[in-house]
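Visitor: I am new to this structure. Please show it to me, and then I will ask about its parts.

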Amino acid sequence: MIQSTAASTIKPLELVQPQVKSTPATPSETIKDFGSFLKDAIDGVANQEQNAQSMGDKFLTGQVDMDQVMVASEQALLSLQLTSQVRNKVIEAYQEIMRTQM
């Protein structure tokens with residue numbers, strides 16, 4: 001039962017293919033692409049948290065097993081920790097740039 005839940009939420013690497021453009025991107029296109037990537041990543045973290053919450057609710061009603069709830073909550077926790085670490089690294093990089101002398 002766990003495998004069917006995990007398989008439906010995780011995409012194999014061969015299915016995820018980068019988008020290749022034939023022309024070089026302008027700076028404004030690059031910023032838009034990064035912004036949409038960042039928004040998609042944050043939305044993914046929010047979706048995993050909502051999934052963990054709904055799994056907890058389903059567990060209380062007896063629809064899912066405890067192991068499914070634990071897997072969903074650990075996935076959400078790891079995603080949130082990763083997001084937090086990336087944010088910390090971005091802030092450190094920004095602070096380092098601000099400390100450099102021009």
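Visitor: Which residues are buried in helix 2?

Guide: This is a predicted model, in which local features need pLDDT of at least 70, side-chain atom pairs count only at pLDDT 80 or more, and totals for chains, interfaces and linings use all residues. Residues are numbered from 1 along each chain as its sequence is written, and side-chain values use heavy atoms, with hydrogens and water left out. Buried means under 20% relative accessible area, exposed over 50%, and partly exposed in between (1.4 Å probe, protein chains only). In helix 2, the buried residues include V45, A52 and M55.

Visitor: What span does helix 2 reach from its first C-alpha to its last?

Guide: Helices are DSSP runs of H or I with at least four residues, numbered from the N terminus. Helix 2 has 34 residues, and the expected span is 1.5 Å times one less than the number of residues. That gives an expected 50 Å, and the helix comes close to it, reaching 50 Å.

Visitor: Is F37 buried or exposed?

Guide: F37 lies in helix 2, which covers residues 27–60. Its relative accessibility is 56%, so F37 counts as exposed.

Visitor: Which residues make the nonpolar surface patch?

Guide: Patches are made of residues with over 30% relative accessible area and no salt bridge; nonpolar side chains (Val, Leu, Ile, Met, Phe, Trp, Tyr) are joined within 5 Å, and like charges within 9 Å. Accessible areas come from the Shrake-Rupley method with a 1.4 Å probe, and for residues only the protein chains shown count as cover. The patch of about 430 Å² is made by F34, F37, L38 and I42.

Visitor: Which residues is S79 in contact with, leaving aside its neighbours within four places in sequence?

Guide: S79 lies in helix 3, residues 66–99. At 16% relative accessibility, S79 counts as buried. Contact means heavy atoms within 4.5 Å, and beyond those sequence neighbours S79 touches V45 and Q48.

Visitor: What is the N to O distance in the salt bridge of E96 and R99?

Guide: E96 and R99 both lie in helix 3, three residues apart. E96 counts as partly exposed at 44% relative accessibility, whereas R99 is exposed at 55%. Their side chains meet at 2.9 Å.

Terms used. A salt bridge is a side-chain nitrogen of Lys or Arg within 4 Å of a carboxyl oxygen of Asp or Glu. Helices (H or I, at least four residues) and strands (E, at least two) are DSSP runs, numbered from the N terminus.
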